[in-house]
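Work through the exercises below with the sequence and the model at hand, and try each task before reading its solution.

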Amino acid sequence: MCIRRVAAVIVAAGSGTRLGANKPKALVELGGRCLLDRALAGVRAAGVDHVVVTVSADMRDDAAVVALGSQPGVCVIEGGAERADSAWRGVQLAYELLGCPGEGEATIVVHDAARCLTPPAMIERVIDAVAAGARGVIPALPVVDTIKVVDGAEQVVGAPQRAMLRAAQTPQGFDAATLVRANRQWQQSQGAGDAAVVTDDASLLELIGVPVQVVEGAAEALKITNPIDMVVAEFYLSRG
Ligand code: CTP
Ligand code: MG
């Protein structure tokens, strides 16, 4: 397996509306450390060379953000209005930090700060699958519910076979040049007004027909979204 340089983008610029804390979600503390700090530690433990963190304007002066921005190899920049905008800003800087590599030369992983307890071993699984030749990799878990497709009137119009469904997590890993190319094409379609709605990074590759491989996710990589998720995360922390 060839040694490829690896950069990570941690998107942390969201407000955390559903969590409803009195501060941006990435700065909420879990067991005495903020979610962003924990997410960054996980990525660093997986041996990533460069980390770009996207935060909102009102987070920039926070002591925790200033402290992590002063760590070697960590750059803090401002994100955008939607997750995809934040990710694209981060990916552009990560790509530059990697020296604008060609296809097959470097890896970028994109991670949600909200998945703050993601095991480093899972992050390594994603990085290793890219190094082994996959241009897009997602960690994912089987779903437990039956998922229905509905129309605008809440009428069920379909139910995909559950055995074929996976819940996608982060970090998602990519060949760096391929991710940049996929993002550029999506930006162009946005300019033309016919962009698809994307809620994860791998969707950008899917839109241009690049295969995306699944590796095993982890329950601990849950995305802190609603208040109940903090309780679950505290349980995982207490288990060590
Ligand atoms: N995110 C981001 N920039 C945005 C929106 C989201 O960087 N404009 C990040 C969040 O900080 C989070 C990740 O994307 O780490 C996943 O988003 P989500 O869980 O939806 O977080 P929020 O958008 O902050 O939460 P909510 O939707 O409840 O407001
Ligand atoms: Mg959101």
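**Exercise 1: the pocket lining**

Task: determine how the residues of the lining of the largest pocket divide into nonpolar, polar and charged.

Solution: The lining of the largest pocket divides into 16 nonpolar, twelve polar and eleven charged residues, where Ala, Val, Leu, Ile, Met, Phe, Trp, Tyr, Cys and Pro count as nonpolar, Asp, Glu, Lys and Arg as charged, and the others, Gly among them, as polar. The model is a predicted one, in which local features need pLDDT of at least 70 and side-chain atom pairs pLDDT 80 or more, while totals for chains, interfaces and linings use all residues. Residues are numbered from 1 along each chain as its sequence is written, chains are lettered from A and ligands numbered from 1 in the order in which they are written, and side-chain values use heavy atoms, with hydrogens and water left out.

Next comes the volume, which is about 920 Å³ for the largest pocket. Of the 39 residues that line this pocket, Arg18, Arg83, Asp112, Thr199 and Lys223 are the closest to its centre. A pocket here is an open set of points on a 1 Å grid over the protein atoms alone, where a 1.4 Å probe fits, with protein on both sides within 12 Å along at least five of seven lines, and lining residues have an atom within 4 Å of a point; the volume is the space filled by probe spheres set on the points, which are joined across faces, edges and corners.

Finally, helix 3 gives the largest share of the lining, four residues; helices (H or I, at least four residues) and strands (E, at least two) are DSSP runs numbered from the N terminus.

**Exercise 2: a helix pair**

Task: describe how helix 3 and helix 5 pack, in terms of angle and axes.

Solution: The axes of helix 3 and helix 5 lie 10 Å apart, and the helices pack at an angle of about 135°, with axes fitted to C-alpha atoms over the stretch in contact and angles running from 0 to 180 degrees between N-to-C directions. Helix 3 is therefore oblique to helix 5, since angles under 35 degrees count as roughly parallel, over 145 as roughly antiparallel, 65 to 115 as roughly perpendicular and the rest as oblique.

The contact (heavy atoms within 4.5 Å) includes Trp88 and Tyr95 of helix 3 and Trp186 of helix 5. By class, the residues of this contact are nine nonpolar, two polar and one charged.

**Exercise 3: backbone exceptions**

Task: find which residues a cis peptide bond joins, and where Pro171 is placed.

Solution: The cis peptide bond joins Thr170 and Pro171, with omega about 10°, and Pro171 is in the loop between strand 10 and strand 11. Cys100, in the loop between helix 3 and strand 6, has a positive phi of about 50° although it is not a glycine.
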